[in-house]
Amino acid sequence: MDYEASLPLSYSLGSVLLSFTPTWAIPVNPAAIQITRTYSSPSIPGTTKLQTEQISSSFFFTAGLSWQF
């Protein structure tokens, strides 16, 4: 899950429309991943490890160009 802040912008120039939407995404819940390693040989013991996902904020954008005729 994350929170996202965005600001859609558009500019019309005659029959052409330019659009741009920057977005800042802030994650809130890292995933807890359990990794279990097993082997086909019974003489090698299996291992289990719990790992938490490393998360950080990210920035992305979408851009568009449309033409109306």
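With a relative accessibility of 35%, F20 counts as partly exposed, a class that lies between buried (under 20% relative accessible area) and exposed (over 50%), computed with a 1.4 Å probe and protein chains only. The model is predicted, and local features therefore need pLDDT of at least 70, while side-chain atom pairs count only at pLDDT 80 or more and totals for chains, interfaces and linings use all residues. Residues are numbered from 1 along each chain as its sequence is written, and side-chain values use heavy atoms, with hydrogens and water left out.

F20 contributes to a nonpolar surface patch of about 1000 Å², which is made by M1, Y3, L7, L9, F20, W24, I26, V28, F59 and F61. Such patches are made of residues with over 30% relative accessible area and no salt bridge, nonpolar side chains (Val, Leu, Ile, Met, Phe, Trp, Tyr) being joined within 5 Å and like charges within 9 Å; a salt bridge is a side-chain nitrogen of Lys or Arg within 4 Å of a carboxyl oxygen of Asp or Glu. Accessible areas come from the Shrake-Rupley method with a 1.4 Å probe, and for residues only the protein chains shown count as cover. Strands β3 (16–27) and β6 (58–67) each supply at least two residues of the patch, and β3 gives the most to it, with 3 residues; strands are DSSP runs (E, at least two residues) numbered from the N terminus. Another member of the patch, L7, is placed in the loop between β1 (2–6) and β2 (9–13) and counts as exposed because its relative accessibility is 53%.

The structure holds 2 aromatic pairs. In one of them, F20 and F61 are tilted, at 5.3 Å centre to centre and with 40° between the planes. As F20 lies in strand β3 and F61 in strand β6, this pair ties together parts that are 41 residues apart in sequence. W67 and F69 also form a tilted aromatic pair, with 5.2 Å centre to centre and 40° between the planes, and both of these residues are exposed. Rings of Phe, Tyr and Trp (its six-membered ring) pair if their centres lie within 6.5 Å, and planes under 30 degrees apart count as stacked, over 60 as edge-to-face and the rest as tilted.

Strand β3 pairs with several strands, pairing being assigned if DSSP finds at least two bridges between two strands. The antiparallel β3 and β6 are joined by 10 bridges, and A63 in β6 is the bridge partner of F20. Antiparallel β1 and β3 are joined by 5 bridges, with A5 standing opposite W24 in β3. β2 and β3 likewise pair in the antiparallel sense over 5 bridges, where S12 stands opposite L17 and Y11 has L18 as its bridge partner. The hairpin of β2 and β3 has 2 residues between the strands, and G14 takes a positive phi near 70° in it.

T48 lies in strand β5 (residues 47–52) and counts as exposed, because its relative accessibility is 53%. Apart from neighbours within four places in sequence, T48 is in contact (heavy atoms within 4.5 Å) with Q34, I35 and T36. The C-alpha atoms of T48 and L9, which are 39 residues apart along the chain, are separated by 49 Å.

Conventions: Helix = DSSP H or I, 4+ residues; strand = E, 2+ residues; numbered from the N terminus.
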